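I opened the model today and kept notes as I went. Here is what I looked up, entry by entry.

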Amino acid sequence: MTLDYSLFFFLLFGCLAIIFALGTIIAKKLMHAVLALFLFLISIALLFLLLNNEYLFVIQLTLYCGGISVLFLFATVLTTNQHETADKTNSYWSGFIAFVFVLALSLVVYSIDWASDWANYSLEKYGDPSLFREFSEQLFRNYPYTVAFLGLLLLATLIGSSKLALKEEAEAA
Amino acid sequence: MSERFPYEDLIDDLFESLGPIGDFWKGLGNSGQFFLMSALLMVGVAGLFIMIQQLIVPWVERKVMGRMQSRRGPSYVGYAGTLQLLADTLKLAVKQDIVPEDADKFGFTFAIAGITISASLACAPLPFTGRIVMSDMSIGLLYIFAAFALFPPLMFVAGWASNSKYSLIGGFRSCAQLLAYELPLMVAAVSAVLLAGSANLTDIVEAQGGELGFLWLRGWYIWPLMIGFWLFLISGIAETERIPFDIPEAEAELVMGVRTEFAGWRYALIFFVEYMHLFINLLLVVLLFMGGWLPFFTFMPATLDDFVVSGISNIFLMAFIGAGFFGGSVLAVYLLFGFFRKRIYNMKFFLIATISGFVLFGGLGMIIDDWTIPGELLTEIAQLTRIFVKTYILVFLAVWARAALPRVRIDQFLSIGWSKFLPLAIFNLLIAIIVAGAY
Amino acid sequence: MTTIDLPIILFTSTALFGIGLYGVLTQKSAIRILISVEILLNSANINFVAFSTYSEGYDGWTMALFVMAIAAAEAAIGIAIFLNVFRRFGSVNVPSLVGLREEV
């Protein structure tokens with residue numbers, strides 16, 4: 001296994017993702033946890049880019065980093081009070097459970113003979129201009145109802161969450 | 001091996017002398033080295049192109065606004081105040097870097113760095129002509145939106161980290177406004193993508209080269225997508241938070257909004273990013289709806305042939321080149337020394353230089369017999385001229401709006417964005433679908 | 001062309017999943033729990049994208065897209081609920097939310 005640039009950058013952004021994910025747990029201020037989440041999402045987007053999917057890279061940046069982290073930032077400012085702490089409950093047992101889970105998953109990954117099962121992979125489509133078009137075509141050809149359902153779901157979410165957030169204010173007024 | 005990138009031997013030698021870094025460089029292999037070098041080149045050229053605009057756009061804005069308000073605008077540093085902005089930047093750069101004591105130090109720096117980085121990244125896929133494009137990626141348009149999509153959280157963090165009520169309110173407003181106008185912006189852009197059948201900006205421009213079938217006009221997307229054009233232009237200006245829409249930094253209410261606590265170099269960066277954002281949005285309007293570097297009428301050729309200069313025209317061409325060269329050098333010297341506030345603008349000297357250049361090069365033109373100017377070069381120059389003329393017309397429009405219009409209120413503006421602009425953008429998308437289906 | 005082996009990707013996503021799981025199990029603040037859930041979803045997404053890329057199909061990418069949309073919906077609804085919880089209880093710390101009925 002030679003260290004060429006895609007592997008180098010994958011390891012770099014993978015390590016960064018792990019560090020930022022730890023940062024969301026370690027950070028004392030809730031806002032810093034959200035900032036760590038923001039950076040974590042960007043590193044995941046870069047991992048998508050290295051895994052040949054420019055389209056998901058863009059979606060991840062637009063939707064996650066641009067949209068969801070704004071939600072978290074707003075929620076942080078609107079719900080934080082002096083009592084907010086980084087306290088944890090059951091951290092001993094939970095850490096044990098998480099560790100065992102990771103160990104089990106790693107063993108599964110380790111025990112599978114990837115070289116023979118997934119030998120025929122190739123990542124040669126990198127930067128292919130037709131990829132975007134092909135992906136979109138496949139999306140709407142194979143999953144038209146799911147896409148429509150997702151649209152409905154997101155619309156319901158938009159209406160529902162704004163109703164939920166505004167309900168109390170309407171009662172108070 | 002010989003077609004990796006220019007000056008490869010020089011760069012290889014350079015890395016050879018760097019020890020472990022040289023080993024890393026070798027380990028990257030040819031493709032990795034090419035990737036890294038093209039990334040560096042991309043950043044350099046794109047940065048240069050956009051940075052020059054950052055010096056011109058604010059100057060144009062201040063001059064035009066000065067004229068509209070019966071003032072003269074900047075006129076002291078450089079010739080006609082052209083270098084005023086450079087002087088301002090230099091002043092801000094050498095000022096003390098103040099971070100408020102109660103500010104969140106990490107967030108304060110993080111927000112500025114993030115805003116600057118994401119705005120610089122957005123320059124990468126911008127084409128200036130059919131050939132001058134730093135990164136011709138297949139999803140260039142979406143990539144620009146993705147880079148600008150990082151703005152709302154970063155602006156909010158900048159407001160929160162300043163630990164000042166004005167900044168925080170400014171951050172909330174900025175975030176809400178950016179989110180509300182991002183959607184109409186994207187949907188309006190998607191209508192152009194739908195007609196062109198590609199999200200690559202070069203493809204989108206090339207797809208507008210056909211005939212409209214009316215008055216020898218080219219099929220720019222402004223004609224079928226007039227609504228989308230206005231939506232994109234207004235949302236694009238709204239995204240940059242300039243005066244008709246500068247609710248997040250309304251001076252009378254919020255001092256400077258998010259910018260309140262930023263001083264020195266940090267303020268200069270925010271200022272630059274604002275103009276960069278404006279310029280990129282207006283350039284996108286030109287690329288998506290106004291045919292980019294394509295000429296207006298169909299009888300004007302999109303590409304030019306080789307231009308052969310001979311005989312008398314040869315002499316005149318050389319004479320004009322000489323006049324431009326000599327006069328330009330004198331003008332450059334004036335600009336340079338004007339920056340140090342030495343008023344040496346001497347019209348006589350400039351005239352003498354220009355005329356002597358005219359005569360000298362004209363004489364040279366008599367000796368040279370036959371001269372061919374490659375058509376590719378002429379095409380390139382014509383395309384650059386067209387795209388910048390179009391963009392600066394839009395810049396003038398934005399400046400005009402800034403000088404002439406009063407500020408809107410935040411609740412009005414957000415309700416316009418969500419309940420008027422978004423449905424209109426979707427209506428525009430329907431038009432695009434019908435047009436795409438008809439052709 | 002590229003030499004990113006599949007196990008490396010899977011180990012990365014496993015580590016991220018472990019971190020997310022630990023966060024979900026231990027955090028007190030509801031917003032921090034939601035952050036950890038986002039980490040879980042993203043680590044799953046890496047696997048979807050990786051397998052899809054390596055098998056030259058589009059199903060995994062599509063699934064990752066759906067996961068993102070669902071995550072957006074989940075975060076929006078979750079945060080709207082937390083805002084209501086904060087208005088009622090004055091805190092979003094999960095251990096303090098013990099009363100099912102509002103005690104006046």
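I began with contacts inside chain C, counting two residues as in contact if their C-beta atoms, placed from the backbone, lie within 7 Å. Among the contacts in chain C between residues at least 6 apart in sequence, 42% join residues at least 24 apart.

A note on the source: this is a predicted model, where local features need pLDDT of at least 70, side-chain atom pairs count only at pLDDT 80 or more, and totals for chains, interfaces and linings use all residues. Residues are numbered from 1 along each chain as its sequence is written, and chains are lettered from A and ligands numbered from 1 in the order in which they are written.

I stayed with chain C. It has three helices and zero strands, and from the N terminus on the order is α-α-α. Helices (H or I, at least four residues) and strands (E, at least two) are DSSP runs, numbered from the N terminus. Of the 104 residues of chain C, 53% count as buried. Buried means that 20 or more other C-beta atoms lie within 10 Å of a residue's own; exposed means 12 or fewer, and partly exposed is in between, with C-beta atoms placed from the backbone.

Next I looked up where chains A and B touch. Chain A brings 21 residues to the contact and chain B brings 25. On the side of chain A, α2 (30-50), α3 (54-79) and α6 (130-142) each supply at least two residues. α3(A) gives the most, with 11 residues. What kinds of residue make up this side of chain A? I found 15 nonpolar, four polar and two charged. Ala, Val, Leu, Ile, Met, Phe, Trp, Tyr, Cys and Pro count as nonpolar, Asp, Glu, Lys and Arg as charged, and the others, Gly among them, as polar.

Then I turned to α14 of chain B, residues 347-367. This helix has 21 residues and reaches 31 Å from its first C-alpha to its last, close to the 30 Å expected at 1.5 Å a residue. The expected span is 1.5 Å times one less than the number of residues. Gly357(B), Phe358(B), Phe361(B) and Gly365(B) are its buried residues. Seen down the axis of α14(B), they fall within an arc of 105°, so they line one face of the helix. The arc is that of the directions from the helix axis to the C-beta atoms. On the other side of α14(B), Lys348(B) and Ile367(B) are exposed.

Last, I checked phi. Most residues other than glycine have a negative phi. Ser70(B) has a positive phi of about 55° although it is not a glycine. Ser70(B) sits in the loop between α3 (29-68) and α4 (84-93) of chain B. Is Ser70(B) buried or exposed? With 6 C-beta neighbours inside 10 Å, Ser70(B) counts as exposed.
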